[in-house]
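Colleague: Before I look at this model in detail, I would like to learn how to read its features one at a time. Could you take me through them?

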Amino acid sequence: MRAETGAHGPAQALLGAMTAGLVGHEALVERLVIALLVGGHVLVEGPPGVAKTRAVKRLADGVEGAFSRIQATPDLMPGDIVGIQVFRPERGVTEFVPGPVFHNLVLVDEVNRAPPKVQSALLEAMAEHQVTVGGATRALPDPFMVVATQNSIEHEGTFPLPEAQLDRFLFHVLVGLPDAATELAILDLVEGEAGTGVPLAMEEHVSHAALANMRRAVATVHLSAAVKDYIVRLVMATRADGEAGIAGRVGHAVSPRGTLALAATARARAFLAGRAFVVPEDVAALAPDVLAHRLAPTWRATADGETARGLIAAALAAVRPL
Ligand SMILES: Nc1ncnc2c1ncn2[C@@H]1O[C@H](COP(=O)(O)OP(=O)(O)O)[C@@H](O)[C@H]1O
Ligand SMILES: [Mg+2]
């Protein structure tokens with residue numbers, strides 16, 4: 001059984017073009033494309049210099065629409081991102097000047113350097129697809145997607161994102177430092193680009209109409225009762241009565257928002273593979289990046305060196321699909 005013939009073509013082309021300019025970032029690229037298909041936001045975490053920004057720029061090159069980049073700093077104010085009311089004395093009126101969130105794809109670099117008020121304005125925009133300034137509510141463009149990056153080595157002068165709001169992100173993707181072979185391939189790729197002076201370009205971009213079509217097709221991908229059951233049992237494993245025996249180490253469990261995110265992203269992964277139905281492997285492959293940031297170990301488990309990712313790995317090992 002295949003999805004509607006060629007329906008996933010534009011997403012496949014985007015995936016291929018993004019992968020071609022990024023060495024060894026298949027997982028990150030796949031998650032960015034899935035988030036685009038599902039209408040979700042992505043938090044990318046890793047050390048500086050591993051092509052986080054480059055990955056988002058390639059996504060921007062591959063999709064129709066306006067792109068903006070916000071560099072977060074501790075002195076940023078909410079108005080700097082959502083926009084401000086400006087008084088025009090010559091006309092005696094106040095006018096709204098939209099901020100950089102009013103774009104289809106917004107890259108927020110080093111989001112954990114932004115002060116809490118800015119983070120909260122951003123997270124609200126992400127959840128509501130609208131912002132309120134000066135008492136007036138304004139809708140953000142459609143599609144609207146935020147990719148935020150955070151450096152994992154920096155702690156001084158940062159404001160960790162509030163745990164309770166982290167689940168506004170569909171995915172939390174970790175990127176690490178490359179191995180020797182990957183370093184060599186990066187060197188060849190980037191030096192090759194410098195030689196010709198032209199960075200790899202996308203052949204054509206995904207139009208808003210093509211994206212809307214694909215989103216509709218993703219929503220029709222079949223999720224069987226057995227796979228639904230698998231998703232629910234994985235999520236329940238993080239709660240008191242779960243079967244994996246990890247719940248005692250979980251301080252803050254995955255909410256239904258996590259369940260819904262896992263189902264939606266698994267559908268998009270199946271769609272990308274040209275399948276009209278979700279298989280348990282879709283769920284298992286995405287579960288760490290969809291669920292880990294939505295739960296927190298107890299302080300005791302943390303003291304014992306346990307991490308949210310470790311707990312999800314334990315849940316995946318214990319919970320078997322039917
Ligand atoms: N895996 C990779 N594939 C392609 N280029 C890479 C890769 N890792 C690093 N680079 C190159 O390293 C530089 C830093 O990338 P950048 O996107 O600015 O990093 P970050 O945003 O993670 O700090 C860029 O020139 C980029 O092309
Ligand atoms: Mg960067």
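Predicted model: local features only at pLDDT ≥ 70, side-chain atom pairs only at ≥ 80, totals over all residues.

Colleague: Which residues of helix H12 are buried?

Modeller: A residue is buried if 20 or more other C-beta atoms, placed from the backbone, lie within 10 Å of its own, exposed if 12 or fewer, and partly exposed in between; helices (H or I, at least four residues) and strands (E, at least two) are DSSP runs numbered from the N terminus. In H12, which spans residues 308–318, the buried ones are Ala-308, Leu-311, Ile-312 and Ala-315. They lie on the same side of H12, because they cover an arc of only 100° around the axis, the arc being that of the directions from the helix axis to the C-beta atoms. In general, an α-helix has 3.6 residues a turn, so residues three or four places apart point the same way. The cover over these buried residues includes helix H8 (225–236), strand S10 (250–252), helix H10 (280–291) and strand S11 (296–297).

Colleague: Is Val-133 buried or partly exposed?

Modeller: Val-133, in strand S6 (residues 130–133), is partly exposed, because 18 other C-beta atoms lie within 10 Å.

Colleague: At what angle do the axes of H1 and H2 cross?

Modeller: Axes are lines fitted to C-alpha atoms, for helices over the stretch in contact, and angles run from 0 to 180 degrees between N-to-C directions. The axes of H1 (residues 9–20) and H2 (residues 26–38) come within 10 Å and cross at roughly 145°. On the H1 side, the contact (C-beta atoms, placed from the backbone, within 7 Å) is made by Ala-11, Leu-14, Leu-15, Met-18 and Thr-19, and on the H2 side by Glu-26, Val-29, Glu-30, Val-33 and Leu-37.

Colleague: Which residues come nearest to ligand 1?

Modeller: A residue is near a molecule if its C-beta atom, placed from the backbone, lies within 6 Å of it. Of the 15 residues around ligand 1, the nearest are Val-23, Ala-51, Lys-52, Thr-53 and Arg-54. Helices H3 (52–62) and H6 (180–196) each supply at least two residues of this shell.

Conventions:
Residues numbered from 1 in each chain as written. Chains lettered and ligands numbered in written order. Contact = placed C-beta atoms within 7 Å.
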